[in-house]
Amino acid sequence: MTGTSSESQYVTFSLENEVFAVPVSVVREILDHEEAFKIPHGPEYLLGLRDVRGQGVPVIDLRLRLGMTKTERTPHTRALVLDVPIGEKAITLGLVADRVYEVIPFRDDEIEGAPDIGVRWPSDYIAGVVRRNGGFVVIVDLARLFSSTEVAMMGTANRLAATA
């Protein structure tokens with residue numbers, strides 16, 4: 001008897017030449033990229049705040065957060081507005097991506113763990129890897145991508161925007 005594998009929907013996007021994915025369940029909307037209101041003394045990857053339907057949302061340059069070069073704005077640059085579950089609450093943030101591709105299903109049995117390369121490297125944010133079209137799609141674990149300090153800082157940014 002063959003077991004059935006469940007599948008989940010993911011939004012795929014690119015950073016440089018790499019393809020990443022996040023669960024569609026956390027994506028609130030996808031917007032054109034706009035300049036954000038700068039927040040003094042924030043980390044380099046925190047671009048600032050953006051108004052999203054009356055809510056101040058911290059915007060993250062995901063390329064910088066992952067140690068890549070800064071995002072260069074193009075006509076394809078987008079901001080994914082996400083409600084990221086962290087602990088018992090969700091934090092809303094915007095992630096800047098070079099391009100958003102599509103919503104695609106991945107079967108659970110297609111998702112491999114993060115590769116072990118024999119040295120310590122910051123792979124905590126990788127929830128899994130899927131082989132696709134001769135390459136790989138990295139599924140991002142958003143809750144693990146940010147430390148508790150960073151989450152607290154973004155929560156403060158959200159509260160500041162609410163009182164402004």
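Predicted model: local features only at pLDDT ≥ 70, side-chain atom pairs only at ≥ 80, totals over all residues.
**Entry 1: S14**

Next I looked up where S14 sits, and found S14 in strand β1, which covers residues 7-15. Which residues does S14 touch, once neighbours within four places in sequence are set aside? I noted V19, A97, D98, R99 and Y101. With Y101 there is also a polar contact between the side chains, at 3.5 Å. R99 turned up again as the bridge partner of S14 in β8.

**Entry 2: the partners of β1**

That bridge made me curious about β1 as a whole. I found that β1 runs antiparallel to strand β8 (residues 99-107), and that seven bridges join the two. β1 also pairs with β2, again in the antiparallel sense, over six bridges. In that pairing, Y10 stands opposite P23 of β2. As a reminder to myself, strands of a sheet pair through backbone hydrogen bonds, either parallel or antiparallel.

How many residues lie between the strands in the hairpin of β1 and β2? I counted two, and saw that E16 takes a positive phi near 55 degrees in this hairpin.

**Entry 3: aromatic pairs**

I then searched for aromatic rings that pair up, and the structure holds two such pairs. One is formed by Y10 and F106, with 5.3 Å from centre to centre and 35 degrees between the planes, so I wrote it down as tilted. Why is this pair worth a note for the fold of the chain? Y10 belongs to strand β1 and F106 to strand β8, so the pair ties together parts that are 96 residues apart in sequence. Both Y10 and F106 are buried.

F13 and F20 make up another aromatic pair, this one stacked, at 6.0 Å centre to centre and with 20 degrees between the planes.

**Entry 4: the nonpolar cores**

Which residues touch the most other members of the largest nonpolar core? My list reads F13, V22, L80, L82 and L142, out of 27 residues in that core. Elements giving two or more residues to this core include β1, β2 (18-23), β6, β7 (89-97) and α2 (142-145). The largest share comes from β7, which gives four residues.

Apart from neighbours within four places in sequence, the contacts of F13 include V19, F20, V22, L62, L80 and Y101. There is also a second, separate core of seven residues, and F106, V130, V137 and I139 are among them.

**Entry 5: the open sheet**

I moved on to the sheet with five strands. In what order do the strands lie? I read β3-β6-β7-β5-β4, in an open sheet with mixed pairing. At the edges are β3 (27-32) and β4 (46-52), each of which pairs on one side only. From one strand to the next, the twist averages 35 degrees.

At the β3 end, I found β3 paired with strand β6 (residues 78-86) in the antiparallel sense, over five bridges. Within it, L31 stands opposite A79 of β6.

At the β4 end, I stopped at R50, which is found in strand β4. Is R50 buried or exposed? R50 counts as buried, with a relative accessibility of 10%. Leaving out residues up to four places away in sequence, I noted that R50 touches L31 and A79, along with others including D32, H33, E34 and Q55.

**Entry 6: D109**

My last stop was D109, found in the loop between β8 and β9. This residue is exposed, with a relative accessible area of 53%. What does the side chain of D109 make a polar contact with? I found the side chain of R107, at 3.0 Å. I also looked at S6, which is 103 residues away from D109 along the chain, and the C-alpha atoms of the two are separated by 8.1 Å.

Key: Residues numbered from 1 in each chain as written. Heavy atoms only, no water. Polar contact = N/O pair within 3.5 Å; in protein donor to acceptor, adjacent residues only side chain to side chain. Contact = heavy atoms within 4.5 Å. Pairing = 2+ DSSP bridges. Axes fitted to C-alpha atoms, helices over the stretch in contact; angles between N-to-C directions. Buried < 20%, exposed > 50% of the residue type's maximum accessible area, 1.4 Å probe, protein only. Core = buried A, V, L, I, M, F, W, Y, C linked by side-chain atoms within 4.5 Å. Phe/Tyr/Trp six-rings, centres within 6.5 Å; stacked < 30°, edge-to-face > 60°.
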